[in-house]
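Dear colleague,

Here is the structure we spoke about. Please open it alongside this note.

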Amino acid sequence: MALLNILHYPDARLHIVAKPVELFDTALQVQIEDMFETMYQAKGIGLAATQVDFHRRLIVMDVSEHKNERRVFINPVILEKEGETVYEEGCLSVPGIYDNVTRAEFIKVRAQDGQGEFFELEADGLLAICIQHEIDHLDGKVFVEYLSQLKQSRIKSKLKKREKQNL
Ligand code: NI
């Protein structure tokens, strides 16, 4: 297994729209394992392939308290959305920034697992929020894009400054 490099906003590659996964081969299994390792190491609860510069529709997630409930969503589609909820979100691609985002409270999603088997899942709470956040990544969207232009430019300059200090 290997740790993957996580792209940081405002990296333009975070805006690439991911293509469907077509091959459920060994290379995909390695990619899934590497993404879980990278997500756990970074103390994240979800990671979309886009964030590690792999532009296929693949998400790994674990929102459990004890980090023992691995979930894989491949080619996910939201079938139903209901209600509204506001949550203070963060993102491994936007380190140190947290802000409120409004999303659907309940969702029904259809996706494939690592072997290509289709499944459907009804979710609410943090799981539903996380699924919506990660699907946005596959569509090239980062959560800060829900915030005002003023906040977005502040976040951009803050992250650029921090990146320079780390060089
Ligand atoms: Ni994110």
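Below is what was found, topic by topic.

This is a predicted model: local features need pLDDT of at least 70, side-chain atom pairs count only at pLDDT 80 or more, and totals for chains, interfaces and linings use all residues. Residues are numbered from 1 along each chain as its sequence is written, and side-chain values use heavy atoms, with hydrogens and water left out.

Metal site

A nickel ion is held by Cys91 (SG), His133 (NE2) and His137 (NE2), at 2.1 to 2.2 Å. Donors here are N, O and S atoms within 2.8 Å of the metal (3.2 Å for Na, K and Ca); water is not among the atoms, so sites may look incomplete. The donor spacing in sequence is C-x41-H-x3-H. Cysteine 91 and histidine 137 link distant parts of the chain, 46 residues apart. Cysteine 91 is in the loop between β4 (85-89) and β5 (99-103), histidine 137 in helix α2 (residues 125-138). Helices (H or I, at least four residues) and strands (E, at least two) are DSSP runs, numbered from the N terminus. Both cysteine 91 and histidine 137 are buried. Buried means under 20% relative accessible area, exposed over 50%, and partly exposed in between (1.4 Å probe, protein chains only).

Cysteines

The whole structure has zero disulfides, a disulfide being a pair of cysteine sulfur atoms within 2.5 Å. Cysteine 91 has a relative accessible area of 13%, so it is buried. Cysteine 130 is in no disulfide; its nearest cysteine sulfur belongs to cysteine 91, 9.7 Å away. Cysteine 130 is at 4% relative accessibility and so counts as buried.

Aromatic pairs

There are two. Rings of Phe, Tyr and Trp (its six-membered ring) pair if their centres lie within 6.5 Å; planes under 30 degrees apart count as stacked, over 60 as edge-to-face and the rest as tilted.

Take phenylalanine 36 and tyrosine 40. Their ring centres are 6.0 Å apart and their planes are at 20°, so this pair is stacked. Both residues lie in helix α1 (residues 26-41), four residues apart, about one turn of the helix. Phenylalanine 36 counts as buried at 1% relative accessibility, while tyrosine 40 counts as partly exposed at 23%.

The other pair is phenylalanine 73 with phenylalanine 119: centres 5.9 Å apart, planes at 50°, so tilted. Phenylalanine 73 lies in strand β3 (residues 71-82) and phenylalanine 119 in strand β7 (residues 118-124), so the pair ties together parts that are 46 residues apart in sequence. Phenylalanine 73 is buried at 1% relative accessibility; phenylalanine 119 is partly exposed at 25%.

Charges over rings

The charged end of arginine 70 sits over the ring of phenylalanine 36, 3.9 Å from its centre. Lysine 141 lies over the face of tyrosine 146, 4.0 Å from the ring centre. The test: NZ of Lys or CZ of Arg within 6 Å of the ring centre and within 35 degrees of the ring normal.

Sheet

Five strands form an open sheet in the order β1-β2-β3-β6-β7, with antiparallel pairing. Two strands pair if DSSP finds at least two bridges between them. At the edges are β1 (46-48) and β7, each pairing on one side only. β3 and strand β6 (residues 106-112) pair in the antiparallel sense over six bridges. Glutamate 80 stands opposite lysine 108 in β6.

Best wishes
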